[in-house]
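Open the model in your viewer and keep the selection panel at hand. The stops below follow strands first, then the nonpolar cores.

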Amino acid sequence: TTTTKILDIIIMADSSGDWCTIESDPGVFTSLIESFGVKNVELTELWSLDDESLQTLTAPIEGVDNAAVHGLIFLFKWQRQSSSATASLEGRGTPLTGDAVPEGLFFAQQTVQNACATQAILSVLFNARDAIVAQEGGESKDEGDDNGRRLVLGQTLSNFKDFTCHFPPDLRGEAIGSSDEIRTAHNSFGRSEDAFLSDPTKPKRMATDDDDVFHFIAYVPHENGCVYELDGLQQGPIRVGEFKKDEADKDQWIKVARDAIQARLSNYSPTEIKFNLMAIVQDRRTYLNERLNALAAIGIEENDPAMVHIQSELHAEEEKRAQWALENARRHHNYLPFCVELLRSLAGSGKMDGLMTKAKTTAAEKRK
């Protein structure tokens, strides 16, 4: 029964494994999403918040002006007042709870440490408009992905969303924290040396006010014409503004989210630079292939400059994916045992002291 499943989740949450920290990187997050079975999406970094940069999200290449943008993921240095109940003092508004939460808006409170990155990603995926949800057995409930503009949620997340759709935010957070599939996928992108260096016999050190602690939140549009900030440390979603659902200006909601992010940034010192902003967007390969097919359909030859340009863009995308795979393989590999063995060998051969002296001399010269 549903009650039994809920009790099972609460019990599992108490005994669930730890969540590691993962790097804020588009290659990491894209691979994480795809490990859930999600299709037609990728992460891209935003280096500027000007209108032109935002427009490139929905109009990335000539001939494509309606690419899908599902949500934004914002990383910032957490301040004690960031998760306080006085969110309105920061110009953001009051967290919505109970019946004030719009119907169909998925929000989960964060109940486990270090899960904020994956939780922010899930907040975007579960709120993606017109997402294709899988049924039991792997069949999709809806045919046609509109040439990649519609996100395909995949079996794992489709089942999770269906199971938790009537849960309150705190229980949704417990469900995320106790999900073996989600936690395992998240932890697969942690660095192996973290486990190598940790001492399981000692209690974990808690962060203090002197430590830099970072947090991920999400911004998503809703069908009611509002943009919401989804922060798992809050009691509910925060409405940050309204937008007009204009077919001719599909990035309106992004500008509303941009204003909310800039309001957050204004609370920091002008010298603070430790921020990161990424967008969950349509997989570039889908609209590049669509554009390629459209040109071929009107008789454009393969050696035409327009065709060559699109093909080169596709090749660059495949190279980018290959580089992401290589970097993720390096992240998964634990280099510490090799380093320890190398140091042991150098010490055993009597070369360690000489190398250390040389390194100290070099460092001293650089400081002069």
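**Stop 1: strand β2 and its partners**

Select β2 and strand β8 (residues 276-282): they pair in the antiparallel sense over six bridges. Here two strands count as paired if DSSP finds at least two bridges between them. Strands (E, at least two residues) and helices (H or I, at least four) are DSSP runs, numbered from the N terminus. This is a predicted model, in which local features need pLDDT of at least 70 and side-chain atom pairs count only at pLDDT 80 or more, while totals for chains, interfaces and linings use all residues. Residues are numbered from 1 along each chain as its sequence is written, and side-chain values use heavy atoms, with hydrogens and water left out.

Zoom in on Leu-72, which stands opposite Ala-279 in β8.

Colour β2 (residues 69-77) by burial. Nine of its nine residues are buried, so the strand is largely enclosed by the rest of the structure. Buried means under 20% relative accessible area, with a 1.4 Å probe and protein chains only.

**Stop 2**

β5 and β6 run antiparallel, joined by four bridges. Val-220 stands opposite Tyr-228 in β6.

Which residues cover the two sides of β6? Cys-226, Tyr-228 and Leu-230 lie on one side, Val-227 and Glu-229 on the other, and all are buried.

Next, select strand β7 (residues 238-242). Four bridges join it to β6, and the two run antiparallel. The bridge partner of Cys-226 in β7 is Glu-242.

**Stop 3: the cores**

Switch to side chains. The largest nonpolar core has 46 residues. Such a core is a set of buried Ala, Val, Leu, Ile, Met, Phe, Trp, Tyr and Cys residues joined through side-chain atoms within 4.5 Å. Phe-29, Leu-125 and Leu-157 have the most contacts inside this core. Its largest share, eight residues, comes from helix α4 (residues 116-126).

Centre on Leu-157. Leaving aside neighbours within four places in sequence, Leu-157 is in contact (heavy atoms within 4.5 Å) with Phe-36, Val-38, Leu-122, Leu-125, Phe-126 and Ile-182.

Finish at another core, apart from the largest one: 22 residues, among them Leu-46, Val-69, Ile-261 and Tyr-268.

Key
Buried means under 20% relative accessible area, exposed over 50%, partly exposed in between (1.4 Å probe, protein chains only).
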